[in-house]
Amino acid sequence: MTVHEEAGAKPASPAVDRTLTVLETLVAAEDGLTLTALSRNTGIPLATCASIVYTLEARGYAARRVVGRSHFWRPTLRLYDLAAPLIRKDDLATVVQPHLRLVADELNMPAHLGVLDGASIVYVAKAATSGFIQFDTYPGKVSPFDLTALGRAIAAYLPDEALAPLLTQLTKGAGPKARKATPRALRAQLAKVRDRGYALEDEEEEADIACVAAPIFGAEDGVVGSIGVTGFAKDLAVRRLSTAADLVVRHGQEISAELGCGQGREGCP
């Protein structure tokens with residue numbers, strides 16, 4: 001019987017509940033556990049425990065040590081790999097939030113932190129502005145990476161092996177300035193991002209809205225996110241664009257330095 005069942009709660013998926021119980025038990029154990037010990041500690045039938053740990057082993061989440069005729073099972077650091085992106089996102093938001101506030105206050109435009117998740121850009125943090133008009137941007141919002149300045153600012157600095165799969169998942173925008181989504185056209189856009197240091201999206205995702213963003217680099221000098229602002233296209237035209245671009249680039253560089261980018265090297269990309 002699992003902890004949830006003891007508490008009187010019936011799991012929506014008994015199979016998933018048992019798998020998580022086995023995994024939690026392995027993690028809590030000071031040393032490896034045999035199938036017999038695992039079954040006894042979890043209250044899960046021996047055959048079911050065996051099925052679960054063999055699957056975890058096949059997926060890289062468990063490993064076994066053979067001593068004589070006994071097999072001792074333990075979890076692997078693959079679990080850390082699973083959780084590490086969530087930890088990095090949380091730490092990144094903590095570092096970036098003060099910068100978002102400064103950018104938003106100076107430009108009187110909402111400022112955002114974006115991270116890449118598959119072929120989507122996720123708005124992880126936001127500094128809003130006061131005023132009657134509010135933009136439909138919020139932490140947790142997801143957009144196609146190629147239709148946002150936040151996404152392009154990240155994609156421009158991805159190694160080709162990471163970028164190539166994304167080029168097969170392009171989306172045509174609904175805005176009046178949307179162009180045909182092709183890998184060749186996007187690669188040309190990303191080359192411009194690298195040349196000038198920031199990305200621009202102007203009425204491509206939707207009418208009247210524009211965004212400008214700059215990349216953020218981590219301790220290993222790889223791109224980990226982006227900082228950007230969203231405003232009306234007319235407010236980010238020409239002269240105001242230069243001011244906004246300079247500001248997000250500067251703060252992107254400052255955040256990158258805080259994250260350790262360039263330490264002991266020539267500098268960030």
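Reader: Which residue does the side chain of Lys177 meet in a salt bridge?
Author: This is a predicted model, to start with. In it, the side chain of Lys177 pairs with that of Glu203 in a salt bridge, at 3.9 Å from N to O.

Reader: Where do Lys177 and Glu203 sit in the chain?
Author: Lys177 is in the loop between helix 7 (160–166) and helix 8 (183–196). Glu203 is in the loop between strand 6 and strand 7. They are 26 residues apart, and the pair links distant parts of the chain.

Reader: Is Glu203 buried or exposed?
Author: Glu203 is buried, at 13% relative accessible area. Lys177 is partly exposed, at 42%.

Reader: Which residues are joined with Lys177 into one network?
Author: Asp202 and Glu203. The network is built from salt bridges that share partners.

Reader: How many salt bridges are found in the whole structure?
Author: The search gives 9. Another of them pairs the side chains of Arg152 and Glu204, at 2.8 Å from N to O.

Reader: Why does the Arg152 and Glu204 pair tie together parts that are apart in sequence?
Author: Because Arg152 lies in helix 6 (residues 149–155), while Glu204 is in the loop between strand 6 (199–202) and strand 7 (209–217). The parts tied together are 52 residues apart in sequence.

Reader: And burial? Does Arg152 count as buried or exposed?
Author: Buried, at 3% relative accessibility. Glu204 is buried too, at 9%. The cut-off for buried is under 20%, so both qualify.

Reader: What else does Glu204 touch?
Author: Leaving out residues up to four places away in sequence, Glu204 touches Arg152, Gly173, Ala174, Gly175, Lys177, Ala178 and Gln189. The side chains of Glu204 and Arg152 are also joined by a polar contact of 2.8 Å.

Reader: One more pair. Which residue forms a salt bridge with Lys234?
Author: Asp235. Their closest N and O atoms are 3.5 Å apart. Lys234 counts as exposed, at 64% relative accessibility. Asp235 counts as partly exposed, at 27%.

Reader: Which residues are closest to the centre of the largest cavity?
Author: Arg152, Arg179, Lys180, Ala181 and Gln189, out of 16 lining residues. Arg152 is the residue that pairs with Glu204, and Gln189 is among the contacts of Glu204.

Reader: Which element gives the largest share of that lining?
Author: Helix 8, with 3 residues.

Reader: How does the lining of the largest cavity split by class?
Author: It has 6 nonpolar, 4 polar and 6 charged residues.

Reader: And the second largest cavity, how much space lies in it?
Author: About 40 Å³.

Reader: Which residues line the second largest cavity?
Author: His112, Tyr123, Ala149, Leu150, Cys211, Val212, Ala213, Gly228, Val229 and Thr230. Helix 6, strand 7 and strand 8 (223–232) each supply at least two of the lining residues.

Terms used. Residues numbered from 1 in each chain as written. Predicted model: local features only at pLDDT ≥ 70, side-chain atom pairs only at ≥ 80, totals over all residues. Heavy atoms only, no water. Salt bridge = Lys/Arg side-chain N within 4 Å of Asp/Glu carboxyl O. Helix = DSSP H or I, 4+ residues; strand = E, 2+ residues; numbered from the N terminus. Buried < 20%, exposed > 50% of the residue type's maximum accessible area, 1.4 Å probe, protein only. Polar contact = N/O pair within 3.5 Å; in protein donor to acceptor, adjacent residues only side chain to side chain. Contact = heavy atoms within 4.5 Å. 1 Å grid on protein atoms, 1.4 Å probe; cavity = no way out; pocket = protein on both sides within 12 Å on 5 of 7 lines; lining within 4 Å. Nonpolar A, V, L, I, M, F, W, Y, C, P; charged D, E, K, R; others polar. Points joined across faces, edges and corners; volume = space filled by probe spheres on them.
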